[in-house]
Amino acid sequence: MLRVLLKGSKVVKSINNGNRHLIAMSYHSQESDEDLRLSEWYQKGYQELVNLTEILKNVSLTNGRLLNMEDDSIIKDERISRDLQAFKSLARVLIASPSMQKAISGPCFGKPEERESMVLNSLTRVSDFLNVTAQQRKEVRLTICPQVTQHHIWRGALEEVLKNLRSEIGVLQCHSSTHTLQMGEQIVCSCLQFLANVTQSSDPDSPSWMKLGTQKKADDLPPRKWGDLLEMFYDLMKCLRREKRLVHHVMKLESMKEGLYQIKEVPADKDAGYKESRHQEHLVKKKLSQQLGHSSKCLFTLLLYYLYGSVTDIEVDLCGAIHGKGRTFHLWIGQILTSDNEKMVCSGIKHLNQALKLFKFVWESAGVKGTLALEGHLWAVNAEERLGQNSA
């Protein structure tokens, strides 16, 4: 089960027994001078956190982009970006305070390494966190490859990467259109047109089992191959490599380029009949399954699309830890919010759910013996008391 607890600076409801714990940045008088000095530091730190919350209310960082969650508008202010980094860094320190730790059920986020941020951008990163062995990583790859390299998953992931890039270019052009952005948009549109022309046997509007291949004439051009799209990817990456605002999207192009390279000789013929189109799809799946290794960023992107219909890497503010022995293990992670706005909370829960579902999927694919209990924490200053529970 994914257990999500919204924690505020004052009141927390325990998920296990329903008891309430008062979180106060103060200490008893019998504590040492060092404890008192630390108490004063926490009090000042908490006040600074409150001040930053007023500035950053409803601000979120998503896929490298600052957003105002109230109206989904993009924030370009570099000062806000720096303030958000300072806010989360300070929050990580305060979460480790004795009074905050008392309110947490279990030894969560007590160590510095458990309060670091983590970007889930490869199976290697996920497997390292779960302490998955080399043999188990082979099992993970053998389990997921047949699922995520299906032709419609491959094509859908490519389209999602390109559509996200086209959308971002459109946003940038609203502020300042350049020759580079215009050229990049043209290449993206050509790539999407290529994918639109690739035969997909499950197309309900044109059942391929009824479709006969077009008879070729002597002067017809040879059928297109996936290598044609690979060449467009090279041109697109060369065009956008200096555009810092698109770095996250270019990295996704880089990851998908690996898969395109493996199938560059496979035909992508829109005029192929049913039998030939199925053969082409089989070749795509076979080559990708054989060539994409466990550490492949392309394989990980396909997995994200398979699980969520999205290709965006998952970032968590607190990487938590995994503890346990025997047949029971516990894993927890956390997100730090700038407000307890309903939209912010729902976005945070969705984010945690995706991360925990990914951990669970890899854990089960690796065949690890034992039960993995999942727990996600949301943190917000002066948050209203609430408790949520979701399945993962």
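1. A residue is called buried here when its relative accessible area is under 20%. The model is predicted. By that cut-off, the buried residues of helix 5 are Gln-136, Arg-137, Val-140, Arg-141, Ile-144, Cys-145 and Val-148. Viewed along the axis of helix 5, they fall within an arc of 165 degrees, so they line one face of the helix. An α-helix has 3.6 residues a turn, so residues three or four places apart point the same way.

2. The face of helix 5 turned away from the buried side carries Lys-138 and Leu-142, which are exposed. Cover for the buried residues comes from elements including helix 4 (123-130), helix 6 (151-175), helix 10 (274-291), helix 11 (297-308) and helix 12 (342-365).

3. Helix 5 itself runs over residues 134-148. Its 15 residues reach 21 Å from first to last C-alpha, close to the 21 Å expected at 1.5 Å a residue.

4. Helix 6 also packs with helix 9 (residues 247-262), at an angle of about 155 degrees and with the axes 10 Å apart. The two are therefore roughly antiparallel. The crossing is left-handed. Residues in contact include Trp-154, Leu-158, Leu-162 and Glu-168 of helix 6, and among those they meet in helix 9 are His-249, Leu-253, Met-256 and Leu-260.

5. Two asparagines deserve a separate entry. Asn-58, in the loop between helix 1 (33-56) and strand 4 (59-62), has a positive phi near 70 degrees. Asn-58 is buried, at 2% relative accessible area.

6. Asn-131 lies in the loop between helix 4 and helix 5. Its phi is likewise positive, near 60 degrees, but Asn-131 is exposed, with 57% relative accessibility.

Note on methods:
Residues numbered from 1 in each chain as written. Predicted model: local features only at pLDDT ≥ 70, side-chain atom pairs only at ≥ 80, totals over all residues. Heavy atoms only, no water. Helix = DSSP H or I, 4+ residues; strand = E, 2+ residues; numbered from the N terminus. Expected span 1.5 Å × (residues − 1). Buried < 20%, exposed > 50% of the residue type's maximum accessible area, 1.4 Å probe, protein only. Arc of directions from axis to C-beta. Contact = heavy atoms within 4.5 Å. Axes fitted to C-alpha atoms, helices over the stretch in contact; angles between N-to-C directions. Parallel < 35°, antiparallel > 145°, perpendicular 65-115°, else oblique. Left-handed = near helix turned anticlockwise from the far one by under 90°.
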